[in-house]
Amino acid sequence: MTIQTDVVIIGAGPSGLFQVFELGLLDIHAHVVDSLPQVGGQCAELYPDKPIYDIPALPICGAQELVDRLMEQIAPFKPELHLGQTVTRLEQTAAGRFRLETSAGTVFDTATVILAAGLGAFQPRRLRAQGADAWEHRTIHYRIRDPESLSGKRLIILGGGDSALDWTLELHGKAEHITLVHRRSEYRAQPASVSKMKNLADGRTLKEFHGHVRSVFETEGAFGGLEIVDPAGEHHQVAADEVFVFWGLSPNLGPIAEWGLDLDKRQVRVDTEKFQTNIPGLFAVGDINTYPGKKKLILSGFHEAALAAFAVQQHVHPDEKVRLQYTTTSPLMHKRLGVSD
Ligand code: FAD
């Protein structure tokens with residue numbers, strides 16, 4: 001089923017979320033897509049606990065707190081969030097609209113698109129060891145979809161963060177054995193999970209290993225396991241049936257680079273009146289865009305979102321005159337915000 005709409009926002013970082021608000025004030029309902037399972041972009045994914053000091057009128061605000069406040073602010077406009085899916089295709093249609101497709105198969109037919117994609121879609125950091133490409137998604141995975149299917153198997157789990165440790169503890173006792181491989185002896189995961197893992201690491205059902213992956217080895221043409229070099233430089237062959245890589249996520253421009261946009265390195269060029277790209281009807285706000293003097297700050301994304309909203313309004317309703325109204329005094333704004341009948 002194709003979703004018909006006036007606007008799709010690609011990216012639920014602070015710029016994408018505030019974009020919902022600015023559009024909502026102009027009575028435009030938004031769909032928002034993000035490849036992460038949660039909203040908040042870099043703030044939620046990279047530094048949720050850090051304080052931010054340069055949000056106007058908030059002398060200090062935690063990054064996750066900012067995201068929570070934005071969600072509260074946009075709630076009256078009931079945006080439809082499509083999380084955990086990446087926009088993989090974007091095409092202009094003959095009718096001057098856009099057809100968007102996501103990795104989850106969601107299809108939109110939309111009048112306008114606002115790219116609020118930051119540094120790109122967050123994707124798992126890949127295992128780049130020799131021979132690994134050929135086994136990716138067959139034996140080497142970046143997520144666990146069906147834990148039950150791993151019963152009785154020999155597993156290698158790569159990583160030292162919460163995902164690696166949580167899955168090690170979850171699968172211990174179900175898998176035949178697990179080798180947890182981390183580059184250093186310090187872990188980023190919760191201390192309680194680390195000490196639980198250390199207590200279970202008997203070298204037989206669970207082995208803790210420090211080192212880096214050098215290559216994949218094969219046994220009679222089948223996947224054999226990973227060759228790992230320990231801190232002393234010694235090579236070890238660790239046999240396994242399945243490998244899981246939990247090295248975190250990194251942003252990647254990915255499909256956006258193929259949409260015919262005018263790019264300056266990894267940013268999309270826009271004008272500073274409408275924040276429109278070289279494709280009419282396709283706007284870009286926040287860290288993804290560039291123009292003379294651009295500064296990659298949350299504040300900049302908020303300003304750009306306000307102006308882009310007026311441009312979207314004009315694009316969708318070219319015959320309607322767009323009037324600036326104050327949220328303090330406008331009865332219409334109050335109605336849209338749900339603060340009066
Ligand atoms: P992002 O926050 O990057 O969000 C973009 C979203 O788009 C992501 O969630 C991504 O998954 C999604 N996306 C991308 N491509 C696709 C696709 N194809 N399909 C679906 N989803 C997609 N700024 C300040 O102003 N003050 C600070 O103090 C400050 N401190 C910082 C500290 C750190 C450690 C870092 C890393 C950044 C800091 N910044 C700060 C910068 C600030 O976080 C960014 O400017 C801001 O997050 C940009 O917001 P955005 O919404 O444009 O993009």
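Strand 1 (residues 2-10) runs parallel to strand 8, and 8 bridges join the two. The model is a predicted one, in which local features need pLDDT of at least 70, side-chain atom pairs count only at pLDDT 80 or more, and totals for chains, interfaces and linings use all residues. Residues are numbered from 1 along each chain as its sequence is written, and side-chain values use heavy atoms, with hydrogens and water left out.

Strands (E, at least two residues) and helices (H or I, at least four) are DSSP runs numbered from the N terminus; two strands pair if DSSP finds at least two bridges between them. Opposite glutamine 4 stands aspartate 109 of strand 8. Strand 7 (residues 98-102) pairs with strand 8 in the antiparallel sense over 4 bridges, and glutamate 101 has valine 107 as its bridge partner. These two strands form a hairpin with 4 residues between them, where glycine 105 in the turn has a positive phi of about 90°. Strand 21 (residues 282-284) is parallel to strand 8 and joined to it by 3 bridges; its phenylalanine 283 stands opposite isoleucine 114. Of the 9 residues of strand 8 (residues 107-115), 9 are buried, that is, under 20% relative accessible area with a 1.4 Å probe, protein chains only.

**Nonpolar cores**

A nonpolar core is a set of buried Ala, Val, Leu, Ile, Met, Phe, Trp, Tyr and Cys residues joined through side-chain atoms within 4.5 Å. The largest has 63 residues, of which Leu23, Leu100 and Leu115 touch the most other members. Helix 6 gives the most to this core, with 8 residues. Apart from it lies another core of 19 residues, including Ile140 and Val245.

**Ligand surroundings**

Among the 31 residues around the ligand (a heavy atom within 4 Å), Asp34, Gln42, Tyr47, Val87 and Asp287 come nearest.

| Residue and part | Ligand atom | Distance |
|---|---|---|
| Aspartate 54, side chain | nitrogen | 2.9 Å |
| Aspartate 287, side chain | oxygen | 2.8 Å |
| Isoleucine 298, backbone | oxygen | 2.9 Å |

The protein covers 86% of the 1000 Å² of accessible area that the ligand has on its own, by the Shrake-Rupley method with a 1.4 Å probe.

**Glutamate 304**

Glutamate 304 lies in helix 6 (residues 298-316) and counts as buried because its relative accessibility is 0%. Its side chain makes a polar contact (N or O atoms within 3.5 Å, one able to donate a hydrogen and the other to accept it) with the side chain of tyrosine 291, at 2.6 Å.

Key. Buried means under 20% relative accessible area, exposed over 50%, partly exposed in between (1.4 Å probe, protein chains only).
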